[in-house]
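My notes follow the structure.

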Amino acid sequence: MIKITIDGIEVQTDREITILEAAKQVGIEIPTLCTFKNLSPSGSCRMCLVEIERLSRPQTACTVKITDGMVVRTNSEAIMRARKAVLEFLLINHPLDCPVCDKAGECILQDLSAKYGAAAGRFKEGKRTNPVSFEDPVIVRDMQRCILCTRCVRTCDDLQGAFAISVINRGSHSLIEPFSGGRFDCEYCGNCLSACPVGAITSKLHRHTYRPWYIERQVETICGHCGVGCTLTLQMRENTIIRVIPDFEKGLNSGMLCVMGRFGYDYTEHEERLRSPLIRKDGELVPVSWEEAVEFTAWRLKELVKKYGGGAVAGIASGRCTNEDNYMLQKLIRYVLGSNNIDSAARLFYRPAVSYLERMFGQGITANLIPGIANSDGVFVAGGDPTTINPVLGIAVRSVWKKGGKVFVVGKSGGLRSNIKHELNHAEGAGALVLTWILAKVYEKKNFISENSIIDKKLSALKVPDMDMLVRVGVSPEALQYTADELVRLKNPVVIIGPETVLYGNGSKNLFLLGALNYVLNGRLFVLMDEPNTQGCLDMGCSPGVLVGGRPVELETFGHKMENTAGMKTPEGTGLNLFEMINGANSGSIKAMFVMGENPVFNIPDKKKVESALQKLEFLAVSDIFLTETASLADVVFPASAWSEKDGTYTNLERRLQRLRKGTMSSRGRADWKILADICKALGMKESYTDVKSVWDEISRISSVHSGVRYESLIGRGGIWPYGGEPLRGIEGDFEVEGLEDMPELPGFAQSGRVILKEDKSLIHSSSLSRYSPALMGVASEPLLMINPVTAQSLGLSDNERVVITSDKGTAVAILRADRGMPEGVAALSNTFKDNGFRSIVGYTIDPTLKSLNITDRVVTIERAKQL
């Protein structure tokens, strides 16, 4: 035990900490400007000077570690004079513009100046001046106010891992600038805004409109963009979000946010929000009352079920809606209307991937904690860039490299390019070749305990490509050998699986290879998730063969647990999946559909086919916050509450249950669960729900996984899997691997003058929702076509040209952007912008093993757009 004395107060601690930390333990405040949460001590501001007995000079409390018997004085006359002098030096060049500075009221320099003095300066020289930069769409830089504490630079380097800004020049001419000069060329996470203690880096969204005393209330909630589930705080005034900030003491994100979480909340105030229910009359959608919309929907559904049976009805759930919303939709479809035809966009990748891995290893194999990634000694990534799909998880991967661990990426390295030693970027379609070779070498060299005879048997049957094949697809022997050798040495590895492992063919084989690699390495698996509650869709039974809690429909048919527990009789047989619903609507076997918070016309490939299928329905109801491409086809449209207007729960990619709390009060829409409950009631449901908690109470009664989980307990670790419930046992077993014993084939290449198109997962945008965010559109306002400059040159095209992309399924227009990280012969387009989304111009088939999306018709021509 270490004992020290600070200002006459004895402090005891069992570990070596700094004087600053020791003082905080007993409530002694030592001022500091350069110290910041999660950053290493810097000592650059000199405000934390203290006297230490037997030392002749003051020392910085943030850098000096305590020793037993140390005596410290923090508020002697000499120390007070020193702090005043430091402030006087800092204010030499600092403008006296507190009344107009956006940091006023929460500026640390302002507070310290008021406390310690330096009320008047003695220096007669003119102040250093730098022009204010308004070049960035969401950030304003005023370097006249900068005190060079470097908190922003260290946050960008050490926490975000982006290395986008630095101190330039020397002496009194030093200032913080982006490496690119002018406008930031960065990830626009805005974490430098949180770090800046003064008004040097501020949000452009709030310029001259925000002050801390404007805040009427603050609401802690969960981000509604991706599957990480970052904790953040909504600062409210007059039923409007005026700012989003992180909480450094709560949540798995440790105070870090991405561009979508920090700036992308403003879509909730977009002028195109739906404001009242709509019913199609004489071919036009017209506003009606809530009562009329609910009664009309119930009447049409009842009529169609009576005429065609429950199997003619289907429902599509959403990973952007809460668990309670999704539960109520499956209750309507399954138990009120009598159909197991319920699915969601999780079918495209996430659900098949997780189900396949659980078949290999058991339920919960992917339920690993994101903060634990930083403690691993190596990360293997395949199928997508975590820094764009799940940015805060990507930060955890970068931190592994920062601590000396190894990072390996199969495919385009993207935001992890500076964290890898060798590129494993390969020709399009060659991923299975690369993974097979790496797995075979690790399996051969790794001394591991064999525990799964099924996997071992399949590993023995693998046909391994030779090095010549791998060289032909663009991967160097040195990179492959390095990767295999380093993987074998790992003691605590992580394997991260992205959507590209499934979406472009060889899905079951890629998943087997990555699952088996994790098995041999004895690592932890993560599956990337691009919506906040995709896992919740599955847990709430929004799948044709699975009930609430993951219980298979066939087990319910024999056990009748739902009927015995809640009096709800489950329809027999597995229902139709998402693709089969579309086919059924086209063929006429599906007559009615309820789509909640999803936009299948835009998000499922072959737009014309999906659009045609929905138009053939006798009845289509949609609940959403905007009149999307799908909603515009509906017979009834319900205006739903947005993310910030809801109470409920999300389940993130760790399977962590977290509370979503209402910030704004919606005058436009209603929570989806409430809309659905009203329809169920009109159809004869006996149960009544007073609030979202009453819905959760029913979930916890009927789901063995969620049994006993109280709504109020979902704070801190209360929502960590398996929640104290009862996970399903025995779901693991044999599984099919398509092409396991076949020698992997070399991928086909596009003809001369044509390229292969793939989806670009944008860091700035979150599917089609973010197109309604003025802030995010300000950062990236047009679709970009990412392409290797060599390929662009071969097509006679230049950077920043407007181009037309044409496939067998349609055309899109985008701005060409050269990217050396793209393989030659391949281009990438995002699926965000209306009429120019990637999935609108490609087709699809259904993977025969996984029943997942397999995107086809990707060979395109790219031509310079004609000048208007």
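Which helix supplies the largest share of the lining of the second largest cavity? I found that helix 4 does, with 3 residues. Helices here are DSSP runs (H or I, at least four residues), numbered from the N terminus.

I noted the ground rules. This is a predicted model, where local features need pLDDT of at least 70, side-chain atom pairs count only at pLDDT 80 or more, and totals for chains, interfaces and linings use all residues. Residues are numbered from 1 along each chain as its sequence is written, and side-chain values use heavy atoms, without hydrogens and water.

**Cavity.** On a 1 Å grid over the protein atoms alone, a cavity is a set of points where a 1.4 Å probe fits but cannot get out; a pocket is an open set with protein on both sides within 12 Å along at least five of seven lines; lining residues have an atom within 4 Å of a point. I looked up the second largest cavity and read a lining of 15 residues, with C156, A164, C186, C189 and C192 nearest its centre. Helix 4 (151–160) and helix 5 (191–195) each give at least two lining residues.

**Pocket.** The second largest pocket has 39 lining residues; R351, S355, G545, V546 and P552 lie nearest its centre. Helix 9 (350–361), helix 18 (534–539) and helix 19 (553–559) each give two or more residues to that lining. Helix 9 gives the most, 7 residues.

**Contacts.** I then checked I438. I438 touches F380, V410, L424, L480, T483 and L487, leaving out residues up to four places away in sequence. Contact means heavy atoms within 4.5 Å.
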